[in-house]
Amino acid sequence: MKLKSLAAAVAVAAAGASLFGATPAFAQAKEQFFPGLPYRTGPYGPNGAPWANGYADYLKLVNAKGGINGVKIVYEECETGYDTAKGVECYERLKGKHGGATLFQPLSTGITFALTDKAPVDKIPLITAGYGRSESQDGLVFGWNFPLAGTYWVGADVLVQHIAKKEGGFDKLKGKKITLVYHDSPYGKEPIALLQERSRAHGFDLQLLPVTHPGVEQKATWLQIRQSRPDYVFLWGWGVMNSVALKEAQATGFPREKMYGVWWSAAEPDVKDLGEAAKGYNGLAMQHGAHPNAKVTKDILAMVHDKGQGTGPKEEVGSVLYMRGAMSAMLAVEGVKRAQERYGKGKWMTAEQTRWGLENLSLDAKKLEALGFAEVMRPVSTTCADHMGPAWARIHTWDGKAWQFTSDWYQADEAILKPLVKATAAKYAAEKKITPRTAADCQS
């Protein structure tokens, strides 16, 4: 695939190549390095590429507007293929380039698990917006992980709240059967603990059906579903697994309106080739959905794509996964910008300084409007103790041609979420012999 940089078109090699025409003289150029760990190839490539394109295009937009208070961004990708070992290799290859990585966005829960032990040693933040370790919301234990804007526990809790509302209350869930069809990986297993908590609380039967990577073969899974006849199916898939699940649901006669996917199972690549066959299928919207008319979308079209510098196809701009990539890039840039408020506006920020910025984000409605994200997402604020911020999500539904929002906002129940985060983080700290930070440590 050929991508256009700000200066000229360059080919992105699997080993990694700069999209922005970075110069070797990093210190002299005063550039902030944002490494990328995307996957544009393999069974997950059709889903990974839109995210990566949105991420790269937003960074280009920032540069087109003058950079981060004058500090230009260098972006270089290393193709991981959604493979954990390759992801770690790419991390090691990129972390010291261009004066040092500002932060990483692993774009994989498996890679996140592998890097969680490395980040504190290297002192490089990891942003895992909408994925990664759900317990890493606890910033006192996970000092370098930032699951900004939502975790899988938030998503799972919102799904249970939504079907409870449809059924007429949580008491109506007693005796119901919910089947989780999940990618048999750290990613797919993430929601299980939260769903088990809700199952115990409300008396519904939880059936767990793992699907082997990459998810092409699911006939046995859907035969079990046909036999057990669940009231609802939650889909925790990725890439080709999602469209295969919807095809199997159609073949076995399971109603798509009774299916709910996590936000990585609810984007255009999952349904566009199925069209009417996927009609009625529901998914989580992780803050955003598809936003072709958002101000940030129009800015990217005008200042990046119309200049011939777009990373991917123009028609992709504003789609669900593209917007997630753009949002993830925005959160990273705003972390650097916040750090500059403390350590020097217009100055290059170290990874440690950026960590402080990410721990002190305060993106209110006014700031989001100025950034072009006013209708895309809710405000985000973080603290040293809370590395996630907002715990909101909503539902969108495929109407056969496009995704449409079909619910109000839901907020994950902190009475369930917080104890689970605290207990799981404490267990991790004990296993790794980590002494949690204190409020005093956070101020230093």
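**Backbone, strands and a cavity**

Modeller: Let us start with glutamine 287, which lies in the loop between β12 (282-285) and α12 (295-303). Please keep in mind that this is a predicted model.

Colleague: What is phi of glutamine 287 near?

Modeller: Phi is near 70° there, a positive value, and the residue is not a glycine.

Colleague: Is glutamine 287 buried or exposed?

Modeller: Glutamine 287 has a relative accessible area of 0%. Buried means under 20%, so this residue counts as buried.

Colleague: Where is lysine 433 found?

Modeller: Lysine 433 sits in the loop that connects α16 (414-432) with α17 (439-443). Its phi is positive as well, at about 55°, although lysine 433 is not a glycine.

Colleague: And is lysine 433 buried or exposed?

Modeller: Its relative accessibility is 75%. The cut-off for exposed is over 50%, so lysine 433 counts as exposed.

Colleague: Turning to peptide bonds, which one is cis?

Modeller: The bond from histidine 213 to proline 214 is cis, and its omega is near -5°. Proline 214 belongs to the loop between β9 (205-211) and α9 (219-228).

Colleague: How many bridges join β4 to β5?

Modeller: There are 6 bridges between β5 and strand β4 (residues 31-36), and the two strands run parallel. One of the residues involved is phenylalanine 33, whose bridge partner in β5 is valine 74.

Colleague: Through which helix does the chain cross from β4 to β5?

Modeller: The chain passes through helix α2, residues 45-64, on its way from β4 to β5. This β-α-β crossover is right-handed.

Colleague: Which residues line the largest cavity?

Modeller: Its lining includes the tyrosines Tyr39, Tyr82, Tyr131, Tyr152 and Tyr187. Trp238 and Trp264 also line the cavity, together with Leu107, Ser108 and Thr109.

Colleague: How many of them are nonpolar, polar and charged?

Modeller: By class, the lining of the largest cavity has 8 nonpolar residues and 2 polar ones, with no charged residues.

Note on methods
Residues numbered from 1 in each chain as written. Predicted model: local features only at pLDDT ≥ 70, side-chain atom pairs only at ≥ 80, totals over all residues. Heavy atoms only, no water. Pairing = 2+ DSSP bridges. Helix = DSSP H or I, 4+ residues; strand = E, 2+ residues; numbered from the N terminus. Right-handed = clockwise from strand over helix to strand, strands pointing away. Buried < 20%, exposed > 50% of the residue type's maximum accessible area, 1.4 Å probe, protein only. 1 Å grid on protein atoms, 1.4 Å probe; cavity = no way out; pocket = protein on both sides within 12 Å on 5 of 7 lines; lining within 4 Å. Nonpolar A, V, L, I, M, F, W, Y, C, P; charged D, E, K, R; others polar.
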